[in-house]
Amino acid sequence: MCKVYNCTVYRKGLIWCKEEVSLYLPKGFRFPHAMEKQLHLNLLASKPPTPGLQSGSKLRMGPGRKRDFTPLPWSQYFETIEDVEVDNDNSKDTFRIYSSGSHGPVLLLLHGGGHSALSWAVFTSVICSRIDCRVVAMDLRGHGDAKVKNPDDLSAETMAKDIGKVVEVLYGENPPPIMIIGHSMGGAIAVHTAAANHVPSLLGLCVIDVVEGTAMDALNSMQNFLRSRLKTFKSVENAIEWSVKSGQIRNIESARVSMVGQVKKCEEPLSSPGVSKSISEGIIEEEEEEEEGCESNHKRKKEDDREIKKESLYTWRIELSKTEKYWEGWFKGLSSLFLSCPVPKLLLLAGVDRLDKDLTIGQMQGKFQMQVLPQCGHAVHEDAPEKVADALATFMVRHKFTEFKDGFP
């Protein structure tokens, strides 16, 4: 016979969660007496242990084994950078463009709200190794390094027109075949751009993790989410660290290049109302990192406090909470617009639960191709750039838009 113990264990993934398990042990196996007594009484801790923390103490980052949060340059992933000027009444609007590749169809990449073209950096290096293509990633108005006359006008109509104007300046009257790929807000703008025929050489459409039903449902809680984010960071490295440990971007390499386009220096003094406390007061380091004593933690905290006073603070480049009046216009009617676009379409989702009724029916009717990429956050192309690149490359080759490069797959 085997001894059977029923107990609670904790698994560490994105969050700690408890799970009931049974331990089957060989006949004659003995735990140390104290452990066996604890198992029998099921007196395991009510929460997972946190090294270096005592009851009632603040949550601090243990210094431990340090991960590298140094920013990475755009030039490591893109070949060229360019500021494209387009006409806007009696003035000029300027959009920052990052490009790679010299032949093949153009992949026009549109980022999500609050992000920038740099969110496509790692994906760009991967997709260019898979298929023959050209990549153009642009900062949308109000984001990144875009400089426009009215940065507060983030209506779907205005941003869709921006896309058309940039394409016209880049390629003139005879643009090459273009596939628009958009994530979240950028996915909605991609659909509006395609539906309004602002890109006459449109080859295909790829939308990443945005559908009308779930997007509209989420709008009521969006302001609460935005209020819960840190408002300032003591450095770009600090912002990168927060993005990874908060789960906003789960791929540390992507975070190191992407966050550069999301934050900017601010002049607000540290003591001003609304300035958040240092990130180091709110994050617990990974369990495997080496623990140091409380005295060392206190010393490091004092050093951090002195250092932050010497540095300029960083804040978000765009206040997304002020764009609320445009949210409904981005997403309302999006499913029917998407289905009406007369080009091959690919929908990439982080979870099948995101599919709304119209899209479910359309998918059953074969009006678009869908692929679910599990174990990703909302920033699917950043969390899993290789999976997104593989799905897109396969889709494009299947439709004979391009060919795989030699040696792939």
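Strand 12, which covers residues 345-349, pairs with strand 13 in the parallel sense over four bridges; two strands are taken to pair if DSSP finds at least two bridges between them. The model is a predicted one, in which local features need pLDDT of at least 70 and side-chain atom pairs count only at pLDDT 80 or more, while totals for chains, interfaces and linings use all residues. Residues are numbered from 1 along each chain as its sequence is written, and side-chain values use heavy atoms, with hydrogens and water left out.

Helices (H or I, at least four residues) and strands (E, at least two) are DSSP runs, numbered from the N terminus. Contact here means heavy atoms within 4.5 Å.

How much of helix 4 is covered? Of its 11 residues, 10 are buried, where buried means under 20% relative accessible area, exposed over 50%, and partly exposed in between (1.4 Å probe, protein chains only). Among the buried residues are Met185, Ile189, Val191 and His192. Besides strands 5, 7 and 8, the buried residues of helix 4 pack against helix 3 (156-171), helix 9 (324-331) and helix 10 (334-340). Just after helix 4, Asn197 takes a positive phi of about 60°.

Helix 6 (residues 236-245) is also mostly covered, with eight of its 10 residues buried. These include Val236, Ile240, Trp242 and Val244. Their packing partners are strand 9 (232-233), helix 7 (252-258), strand 10 (263-266) and strand 11 (313-316). Gly247 follows helix 6 and has a positive phi, near 90°.

Ser335 lies in helix 10 and counts as buried because its relative accessibility is 1%. Leaving aside residues up to four places away in sequence, Ser335 touches Glu212, Asp356, Asp358 and Leu359. Ser129, found in helix 2 (residues 121-130), is partly exposed, with a relative accessible area of 39%. The side chain of Ser129 reaches the backbone oxygen of Val126 at 2.6 Å. The C-alpha atoms of Ser129 and Ala389 are separated by 9.4 Å, although the two residues are 260 apart along the chain.

Finally, the largest pocket holds about 990 Å³ of space. On a 1 Å grid over the protein atoms alone, a pocket is an open set of points where a 1.4 Å probe fits, with protein on both sides within 12 Å along at least five of seven lines, and lining residues have an atom within 4 Å of a point. Grid points are joined across faces, edges and corners, and the volume is the space filled by probe spheres set on the points. The lining comprises 36 residues, of which Gly113, Ser184, Met222, Phe225 and His378 lie nearest the centre of the pocket. Helix 5 (212-228) and helix 9 each supply at least two lining residues, and the largest share, eight residues, comes from helix 5.

Conventions:
Polar contact = N/O pair within 3.5 Å; in protein donor to acceptor, adjacent residues only side chain to side chain.
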